[in-house]
Amino acid sequence: MNIRNMNLQSVKTLYLAEMARSLRTVLQSIVSPVISTSLYFVVFGAAIGTRISEVEGVSYGAFIVPGLIMLMLLTQSVSNASFGIFFPRFSGTIYEVLSAPMSYVEVVLGYVGAAATKSLILGAIVLVTARLFVPYSIQHPFMMVLFLVLTAVTFSLLGFIIGIWADGFEKLQLVPLLVITPLTFLGGTFYSIDMLPPFWQAVTLANPVVYLVSGFRWSFYGISDVSPWVSLAMILLFLGVALAVVAWIFRTGYRLKP
Amino acid sequence: MIRVEGLSKTFADGFQALKDIDLTIRRGEIFALLGPNGAGKTTLISVICGLVNASQGRVLVDGHDNVLDYRAARQRIGLVPQELTNEAFVTVWDTVSFSRGLFGKPKDPAHIEKVLRALTLWEKRHNRLLELSGGMKRRVLIAKALAHEPDVLFLDEPTAGVDVELRREMWEVVRGLRDQGVTIILTTHYIEEAEEMADRIGVIRNGEIVLVENTHALMQQLGSKELTLHLHEALERIPPALSGHALTLAEEGHALVYTYDATSQQDGTGISGLLADLEAVGLQVKDLHTRQSSLEDIFVSLVREHR
């Protein structure tokens, strides 16, 4: 695929239409995640956090900022992207995208690009909101942005896969509810895995979200549960797996093209 | 304009929807794909439009293979699906503009305006789709399909579930498009519709193209006519003097049925000769009527033939 051969007009149209869809539901798309994240700060940061001593030299309120952004980024990426592709499949309007002169890469760029953009915007909003509650610093801004972007793209791809796999609204909710949320809560969002007994530390290392949160937190405070390079490698690994699955979906036409 | 060569489609569950279809659609014509529900009409156009993968065979759109050269092929095609699928919350203008962009064409408000005016949607351009009636929604789908200036328009059951008045209106729309040079392929199970609209008709049944013929020629070829003569007095048998005519007795001898081919022009179709002979034999005709077999009859007999 050569960038000059790409049908950029189509990609842009699909991308902007997806973005416009979330603007129509601005309350649901933007306001509700901001409110729920603010509640976390109030409860965990302000109320409980004042009773908790510093974690590795960082105040508890500041410690949970990267984790909360990650939590929001993961759930929003998955739900945006899964809904974005599921709804046209459900309503039938997908026919237009499938009959358009677009390559698979372009379709994915449009849908996943829009979903990732949305969750990045939300991430930025939460980052700013957090500043109202706790002071924090960012030691490695470039790495922070890199972690954000890679995570948003990877989990938007995962959402895209879920949106294609799901054959009803129940399944659409199932994966985020049963997999993403528990993994995020148990992935060191609200604690350092050093706080766990050794056995559970080992178990936790099997949780992919640990690497995301740890790397992201490192870019803020320079503290991490695992090496940031391991985190980066893991994200790239997830990204590769997600891309491979999406490529397989389009090659076989799975649930899109009989 | 479109060539379908040896096209077969077997779905994952083993159902063979299309069997070795060969079909050529000419530029500028209205082609009706006629067949009962489940015959494979939608599957065939879905394969041509790239919504369904073919199991075998290939499709050329204006010379471009629709798989190997899908961009060029799909650029030329506009598809109006059977179901009224619309995003409810966007405006007419936005959804039609979206379709144009999706097909890779730069913005052209003048063209969108032309399309909307042609489909009498201009007044509704700022309305959201959920505010529109069913007929308007279908016209929006047509507008979307025309937004990128395709050469070929596929209409899948354009008048399914549409009332009579709206159906006439839809036919007018389709004719207007043809006059603008758009090649049109429509599927229908209404014979009347195919007869009324199409230049050529392809009959599809159980995934096979049974026949492709000019609508007019099809009517002529298979369109035999019947003249029924109701007699004053019943006959027991056909008088020998009339044996030269293709007559059968009907209604217990109260009627004579004369079957003839309205298109063979010889001898005033033989009717005048028959009438003269009737006169000579002294038979009194009470009433007479003629009947031309409709496409419906043709269709039924075709389907029966291939059963």
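## Exercises on a predicted model

**Exercise 1.** Does strand S14 (residues 285-292) of chain B lie largely in the open or under cover? Work it out, then find its partner strand.

*Solution.* Start by counting: zero of the eight residues of S14(B) are buried, so the strand lies largely in the open. Keep in mind that this is a predicted model. Next, look for the partner: strand S11 (residues 224-231) of chain B pairs with S14(B) in the antiparallel sense, over seven bridges.

**Exercise 2.** Now try strand S7 (residues 152-156) of chain B: how many of its residues are buried? Then place it among its neighbours.

*Solution.* Five of the five residues of S7(B) are buried, so to speak "mostly covered". Check each face in turn: Val152(B), Phe154(B) and Asp156(B) are buried on one side, Leu153(B) and Leu155(B) on the other.

**Exercise 3.** How do helix H6 (residues 141-165) and helix H10 (residues 228-252) of chain A cross?

*Solution.* Their axes come within 9 Å and cross at roughly 30°. Angles under 35 degrees count as roughly parallel, and H6(A) and H10(A) are therefore roughly parallel to each other. The crossing is left-handed. Among the residues making the contact are Leu150(A) and Phe160(A) of H6(A), and Phe238(A) and Leu239(A) of H10(A). Sorting the contact residues gives 17 nonpolar, two polar and no charged.

How values were computed:
Residues are numbered from 1 along each chain as its sequence is written. Chains are lettered from A and ligands numbered from 1 in the order in which they are written. This is a predicted model: local features need pLDDT of at least 70, side-chain atom pairs count only at pLDDT 80 or more; totals for chains, interfaces and linings use all residues. A residue is buried if 20 or more other C-beta atoms lie within 10 Å of its own, exposed if 12 or fewer, and partly exposed in between; C-beta atoms are placed from the backbone. Helices (H or I, at least four residues) and strands (E, at least two) are DSSP runs, numbered from the N terminus. Two strands pair if DSSP finds at least two bridges between them. Axes are lines fitted to C-alpha atoms, for helices over the stretch in contact, and angles run from 0 to 180 degrees between N-to-C directions. Angles under 35 degrees count as roughly parallel, over 145 as roughly antiparallel, 65 to 115 as roughly perpendicular and the rest as oblique. A crossing is left-handed if the near helix is turned anticlockwise from the far one by less than a right angle, and right-handed if clockwise. Two residues are in contact if their C-beta atoms, placed from the backbone, lie within 7 Å. Ala, Val, Leu, Ile, Met, Phe, Trp, Tyr, Cys and Pro count as nonpolar, Asp, Glu, Lys and Arg as charged, and the others, Gly among them, as polar.
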